[in-house]
Every structure is written in C-alpha cells, then in structure tokens.
Amino acid sequence: MAAQALAVAASHDGYSAIAFPFFGAERRGAPVLAFTRFGEERLRVRTQVYEPHFVVVLDESLVETVDVLAGLRPGGMVIVNTTRAPDRLVLSKKAKSATVDATTIALKHTKQAAVNTAMLGAFAKATGLITLEGVEAGIMEVFGRRLSKEIADRNVAAARAAYEATRLGEGDSGRVYAKATKWLPTAQELPPGLATPPMETPFGRVGVGSSPSNLTGGWRVNKPVLDGAECTNCLLCWFYCPDGSITRGEKIVEIHYEYCKGCGICAAVCAPKAIHMEREIEEEVKA
Amino acid sequence: MIEMKPAVKLPTTGERRMVTGDYAAAWGAMVSRPQVVAAYPITPQTMIIEHLAEFLAAGKFDAEMMRVESEHSAMSAVIAAEATGVRAYTATSSQGLALMHEPLFVSPPMHLPIVMSVVNRTVASPLGIWVEHNDTMPQRDTGWMQIYVEDGQEALDMVLQGYKVAEQPLVELPMMIGMDAFLVSHTIESVDLISQEDADAFLPPYKPVHAYLDPQRPMVVGAAAPPEYIQEVRWETDLRMRRAAEFLEETDREFGRKFGRTYGGMIETYRLEDADVALMTLGTVTSTAREVVDRLRAQGERVGLIKLRSFRPFPAERLQDATAHLKAFGVYDRAVSYGVGGPSYIEARNALYDTTTMPILSFLAGLGGRDVTPQDVELMFKKTLAAAGRGRRASGVHWIGTRGVSP
Ligand code: SF4
Ligand code: SF4
C-alpha cells in the first residue's frame, strides 16, 4: 500500500503518477515488490521498474539476499528501514543513502510493525520531491478511506515522525551477491509440464523436499521465545504453527528460527505461557 | 537530478481520484445502475465486487447483490435476472470464467445484454495469478462481445459504453470487458469518476424490447429446440454480432462528445498514417508500445501502432483500411492457440487475406504475466521492419523472451 500512497502523494503534488504491486507469495510479511512512477507529463510505460531513481527497502533483512541496488540509476538513492546510520550501510555499491528506524516509529504510533507509511515520510524527507502534505493526502486516501480516519491519523503521525528522524548520508560498497540467485531453466531444461522431482540446481534444491532450503525467518519482526521450564510438551504450538517451524522433542518443543515468521500464534495458544514474543533488532554492525 | 514535469490536464467530468482499475470498474458498474449483481470472488477480480458492496453499504448504490456458490451460478443468476428484463452485472477472472463457459453460451441467442468485467488472468496449468488472455480468448465463439482495455479509465468507461452497445435492440448481445490482471486491476492511477447524473444522461434505464419474463405477457424463453429451428437462431445471432460493430463505433463517438475522451471505436491507431510497418497490440502492452513507437520514430524508423480494442466483433474492415499502406504487420498476443499462434494474429490474417500480401507476424510475449518490456516491444518492431516487403513467406510465429527459444 506504500507504493499506492506514494502515487497518491505525487498526484496530490501535481504530478501524474501510477503504482502497482507485484505479488509473490500471498502471505503477510512475505517479500513483495511494488513500483511507483511519477513526474512525467503522462506516464505510459506499464512495466515493472528496472532502473529506479529510488529504492525503498521496508525490511532490512532483504539486503542480505537481494542486491537492492542492482538497477539503481547513477546518482540514485536507497532509503532503508534500519537502526543503522546511513554511512553504516554496506551494499553492493556506494550510493546516496537515507535511513530511518521505521519499525520503532511504526510500533510507537500505529502499534503495528507495518512500516509503509513511516517510509513515505522518509521518502519525502530524503528526496525532497514530495511534500509532507502530499504524503498525508496519500495516507488519508489509501488508509483513511479503506480503514478509518483514526488509523489514517496514526499513520500520518508515523510518517511525520519518520520525516523528522530520517538521516542522509552515503552507504558503502563491499557486499557481494551471487550473480544469479534463481533457477531459470530453458524451455528444453524445464521438467515437462513443470512436474518437478527433487532436483539439485546451481541455485539450490527445487521440487519435492526443497522447502527446507528456503530460509524464511528473515520475514520476522518479533520472535517467539520458549521458556523450557514452563513447557508441558502439550504440543498445541506444534499443532498450530502455520509454518511447521516447531518440532517435537522428548521433554519440550523446539522453535526453528530459520523458518519462524513471528506470527505469534504459538504464544497465543500456549496455556502455561511458556512462549512469549520479543522484538528482534538487528545488531548494529560494529565496524 | 530528476526532471519532474507536472501532469497534463486530462478531461474530467466527475471527480478525479487515484484509484485502482478494480475500483474504476466497480464505479463504472455502479453508475450504470444494474439492478442485479451476482458474483463469486477470485483474485484479482475480488476488489471489484468488494467495492460494489461498499457502495451498496454506503447507500450510493441500489442493487440486489447475490452471493452465489460458484461462477457457474453467478452467470446463471445474471442470465436469469436479465431474462426478467433488468440490467445485470458480474465480474470474474481466469478459472472463474472457465467455470462460466457453459452458461456463457446461453445469453447471446436469448438476447440478454449482460455486461461483465473480466480481469484477465492465467488459466492453470501451471497455476498463476498474473495476466494472460487465455481466459477470455477461448470464449471467442460463445457469442459474447469481447473488449480489451488499457487502463483504469477505459475499464470504467467501457462498462457504461458496454451497456449502451449491448442493449441496442439491434444488438442485444452480452459483452465481456477484459482488463489485465494487476497491470490494470491493482494499478492505482488518476481516473475521472463519472457522476451518476452524467452516467444517467448517457445511459438511459434498460428497456427490454423482446425477450423477458413478465406475468402480464407470458412467454417461453430458453426452450429446447429441434434442428428445424436452431440454425436460424445461429444466423440471427451472427447477424447481431456483425451489426454490433457499427454501434461500438457510434457509441464511442457519442461518449467522446459527452465526456471529452474517445477510444477510436474498435481500433485506435497511433502514428500510423505514414508508417511502413505497424504492430497491433491489446491490453496494457499498448501503453508501453506507444512509448516505443515514439522512441523508434525519433531514430527515424517509420513505425506505427494499432490498438485492438474489440476482439468480438472483430474489426476486419477497419483493419483492412488501416493497414492498406503497410509493408509488414506484426500482431502481439498474450495468449497462444497451441500449434498455430496468437489468437488475434489468426484473426488479423483472416481479415487481411483479401486485401494484402504483406507479411503478418505473430508475437507471443508476456505469457503467464511475464513483464513485456520496451525492449521486447522494440524487438517486435525490428522483426517486423526486417520482414517489410518480403511477402507472405516472411510471416511466422515468434516467441519473444522465451528462454532456450530464438525469437
Ligand atoms: S503450547 Fe506451550 S506448553 Fe504446549 S508444547 Fe508449546 S510451548 Fe510447550
Ligand atoms: S511465531 Fe510461533 S507459530 Fe508463528 S511461525 Fe513462529 S514458531 Fe510458528
């Protein structure tokens, strides 16, 4: 919804604008791409954006696996939700950077870890292309109409706070990514009908049994913490975890953080309250 | 660092807002005042029906909204509603349309002018939620008119235009309006939301003139018929499809006079007059192709564009006139008729057989929702330019951007 609200903001400020999402896995917290174009007299190209002027990263954990600067135009800027200072960002190349701890701001103002509106405030501050009033109009249109005035107000407060808190600087190069990260077979290499047996590819396992190689723990904001002394091994959490991230043990269960997405269901169903949720903050890199 | 230009002013008669294509379609349906809406949710169509429900809850919209258990039932319900003489609307996508396939055949011979928005989405297998036209194109022979739109505004405007054409007493055929999944349905852009008063002035209340159920005037509709009768029904349905062409053109002109924007009728041409070669596109690829035409023109290439809006009726005569001066013609499709080529390529070749011997090329790209980039479109133009003047033998089917396959 951030891309949409940004387009509304740009439109409010007098630009033609267009935005659309590209859905991946349809799950909350799953990585998604969304694109916004604005500032041409009349926008016509209706494709994904491959060479952005700005890249906005809502979840810092993504930079570990995705080269977010891959298509960035010379002179472009990356805006990241992180507790780091912009000069402490290490990505694939040197680039103008802006950072803001949008998660903390969002939690404070909206009581949720949905950072998209805070990041709009950061975008306005970092780029100077969109006014804060535009951002407010965008939030009112996209969130106010759909949800409620009260929710929109809280999001506007988050955007304002992020606007104030955004820091500008220059990130460093040095992070190295695998050249290709996705298995893209030719028509001839493709298993017929995409009926895929277990297969090893240069980019990892595909087909049956490939799920364990997809580490999805990075989607998490809060993590469940188990107090082994309280666990009665009733297995309710094991049963309810929608991601199979909990395994059974002799005396107590075990939570696998490589896969846990932090939904909190295990904590909610645990009668003796052996599981509680904790905010997880990426450690500052000590340079 | 970035050159920012203010937006061009677009004609606005109602309220201009940033909305999704699904919202725009729902708005178009609302101001068309259907009395019955029956639909079943499917991504990426769901928001259309959700927005209509919102309008209803807000008291802006007055219709019977039927929750049904499947798309087959949704179509059956709107057919039954239309058969009582009221205006009906539905929307679907992909597998949902496939499930409607059987009742789709019912309404054209029965003179039931339903309008349906279809968010074009891949039909399994493999299962996909992204744009492909292989849901609507196979419905070609059901007797429904079939339109493809480029953006949210057109998705809205065509619902209004659609009823106007469909309800013409000389037409009385249903219409499906295809809009690309996500690239229209979920794309937010500036749309003129036509006011109810303006819509009412353009589209009068539906007055069924022939087949409808009324206790005061009993009649049998949808009866079984032996061979002595059906062939004439087929001929008469075919006649109405042929007649619809003229009404599509006229209704678009009338719409233009009222709202300040037209779409060219069944086809729109772009920089075609002095072009040597042209590409025909449909759906959102058209927007990207306009940009590519401008770029190639700037490099001195004489290229033009035809936007195919109406697939049924197929604009054979208009295409013949529009392409008479060309040396080669490329046809882009987002669906494939296995073993032959793109469906609109097949239609174009058929339509132009009598009037030209130029090469006509089929381009397949963007299947399963793969992005069709300006580079892809440029390649289509380059291939068409290379075929110019080489006669029919230079025709062929080209898979653009397919790994392991040379285009
Ligand atoms: S629900 Fe609580 S008590 Fe039961 S197994 Fe899980 S952690 Fe242990
Ligand atoms: S928070 Fe608990 S229930 Fe949710 S994914 Fe993690 S382990 Fe599973």
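The following legends describe close-up views of a predicted model.

The model is predicted, with local features requiring pLDDT of at least 70, side-chain atom pairs counting only at pLDDT 80 or more, and totals for chains, interfaces and linings using all residues. Residues are numbered from 1 along each chain as its sequence is written, chains are lettered from A and ligands numbered from 1 in the order in which they are written, and side-chain values use heavy atoms, with hydrogens and water left out.

**View 1. The interface of chain B and chain A.** The contact (heavy atoms within 4.5 Å) involves 40 residues of chain A and 41 residues of chain B. About 3500 Å² is buried between the two chains, and carbon and sulfur atoms give 59% of this area. Buried area is the accessible area (1.4 Å probe) that two parts lose on being put together, summed over both. Of the area that chain B buries against chain A, 19% is supplied by B:M4, B:M18 and B:R403, more than by any other three residues.

View 2. One salt bridge joins B:E291 to A:R44, with the closest N and O atoms 3.2 Å apart. On the side of chain B that touches chain A, β1 (15-20), β8 (188-193) and α8 (285-298) of chain B each supply at least two residues. The largest share, six residues, comes from α8(B). Helices (H or I, at least four residues) and strands (E, at least two) are DSSP runs, numbered from the N terminus.

**View 3. Strand pairing between the chains.** Strand β1 (residues 17-22) of chain A pairs with β8(B) in the antiparallel sense over two bridges; pairing requires that DSSP find at least two bridges between the strands. Opposite A:A19 stands B:I188 in β8(B).

**View 4. The surroundings of ligand 1.** Residues around ligand 1 (a heavy atom within 4 Å of it) include A:C231, A:C234, A:C237 and A:C270. The shell has 10 nonpolar, two polar and no charged residues. Ala, Val, Leu, Ile, Met, Phe, Trp, Tyr, Cys and Pro count as nonpolar, Asp, Glu, Lys and Arg as charged, and the others, Gly among them, as polar.

View 5. Among the residues around ligand 2 are A:C241, A:C260, A:C263 and A:C266, together with A:K261. This shell divides into eight nonpolar, two polar and one charged residue.

**View 6. A salt bridge within chain B.** The side chains of B:E150 and B:K307 form a salt bridge at 2.8 Å, N to O. B:E150 lies in the loop between β6 (145-148) and α5 (152-166) of chain B and B:K307 in strand β11 (residues 303-308) of chain B, so the pair ties together parts that are 157 residues apart in sequence.

**View 7. Backbone geometry in loops.** A cis peptide bond, with omega about 0°, joins B:T43 and B:P44; B:P44 is in the loop between β2 (36-39) and α2 (46-57) of chain B. A:K273, which is not a glycine, has a positive phi of about 55°.

Technical notes:
Salt bridge = Lys/Arg side-chain N within 4 Å of Asp/Glu carboxyl O.
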